[in-house]
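Try each task before you read its solution.

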Amino acid sequence: MSAVASPHPWLAVEPYKVSVEEYRSFRRDGFLVVRGLVLPEHVDEMKRHTEDLMYGRQTVPGVEPPAPDSSMLEMEKRLLRIHMLHREVEIWERYLLYPRVLDVVQALTGPDVLAMQTMMFIKGPGQDGQGFHQDTYYIPTFPDSLLGAWIALDRADTENGCLRMTTGSQVEPIYPPTTGYGYGDWGLADIPSVAGVGGHCNSDEDPTNELKPIASRYADREVPAILEPGDVAFFGGHILHRSFTNRTPDRTRRSFVNHYCNARSFTTWDGGNQNHILARGNSHLPFAQPKFGTPCAANSPSRNSISDDPLSPPMMMATPEGTMEPQIPENTPHDD
């Protein structure tokens, strides 16, 4: 008798519908916090996974196990940031394609969604924050559609170094690098280049970050994104944001952070579109399959999107009587 495969757990996850007010809030502020989006049992699974990594119970490519004589605090502080393990570890791919996160991404930057990047942050007591930066500086997409999703696994607050969002700064262009890696809106007539952004300065004062004077225009609008486990902060690629040092003696701040873009956008980042997973909808561009088979648009036999629906509404066109009405355009030649 052949075994029957169990259905994937994500197929039973209740969808999330973004409200009009949430959509408005994201456009107005540049970010949106959705409370309790990741279900408690799924937060617990991710927390167990981070503990397995921290304490050396699970080994993964590129992550060294702790020294045998490490203290608990040393083990918690040794891993600050881990990148791109969704290509190596099944659970990372699964939470990159978590349905309720994709529901929000699809509403904010879809309908077609490309899943691009995974990061895990384990900010132990005393560990540094990260200075002002804009995510599209690192991951450009054309058209510009980058969106981050920051999933809290622990409470994140002002004491242990939560995200700090500069509301309103999403209207700023992307400031290009003075030298080295980074994208920017070089085509603007008077745009300055910047140096020292992001993790180049390990100080909450961030004295050498040349984005700081730009952020100071919004000084009274910077807000801490205080999150409980399971809350998710979504933010666009232009908003200026940062975090401070974890100043608690005993509270680690863990998070799982993904980046997405509209799957109709072109990118050269990390080898191009063909290296990233089509999570929702469809695309005229190449895309990758999920290595571990997590259900998504890329491996769906009935992949479709409203963006290429052949039953799209007809055009509003002038009638012979001089009115404007919906009509299907004809292909016959005519004089303009």
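Predicted model: local features only at pLDDT ≥ 70, side-chain atom pairs only at ≥ 80, totals over all residues.

**Exercise 1. Find out whether the chain's radius of gyration agrees or disagrees with that of a compact globule.**

Solution. Start with the length: the protein chain has 336 residues, for which a compact globule would have a radius of gyration near 20 Å. Next, take the value for the protein chain, which is 22 Å and therefore agrees. For the outline, the C-alpha atoms fill a box of roughly 85 × 70 × 35 Å along the principal axes.

**Exercise 2. Describe the make-up of the fold and its surface.**

Solution. Begin with secondary structure: the protein chain holds six helices and 13 strands. Then turn to contacts with a separation of 6 or more, of which 75% are between residues 24 or more positions apart. Burial comes next, and 52% of the 336 residues are buried.

**Exercise 3. Count the aromatic pairs and work out which parts of the chain Trp-92 and Phe-256 tie together.**

Solution. The count first: there are seven aromatic pairs. One of them joins Trp-92 and Phe-256, with 5.2 Å from centre to centre and 85 degrees between the planes. Angles over 60 degrees count as edge-to-face, so this pair is edge-to-face. Now place the two residues: Trp-92 belongs to helix H4 (residues 90-96) and Phe-256 to strand S10 (residues 253-262), so the pair ties together parts 164 residues apart in sequence. Both Trp-92 and Phe-256 are buried.

**Exercise 4. Classify the pair of Tyr-95 and Tyr-98, and find the cluster to which these rings belong.**

Solution. The ring centres of Tyr-95 and Tyr-98 are 5.7 Å apart, and their planes make an angle of 15 degrees. Planes under 30 degrees apart count as stacked, so the pair is stacked. Check the burial as well: Tyr-95 and Tyr-98 are both buried.

**Exercise 5. Is helix H5 mostly covered or mostly exposed?**

Solution. Helix H5 spans residues 99-109, and nine of its eleven residues are buried, so that the helix is mostly covered. Among the buried residues of H5 are Val-101, Leu-102, Val-104, Val-105 and Leu-108. The buried residues of H5 also include Arg-100 and Asp-103.

Notes. Residues numbered from 1 in each chain as written. Heavy atoms only, no water. Helix = DSSP H or I, 4+ residues; strand = E, 2+ residues; numbered from the N terminus. Rg over C-alpha atoms; globule rule 2.2 N^0.38 Å. Buried < 20%, exposed > 50% of the residue type's maximum accessible area, 1.4 Å probe, protein only. Contact = heavy atoms within 4.5 Å. Phe/Tyr/Trp six-rings, centres within 6.5 Å; stacked < 30°, edge-to-face > 60°.
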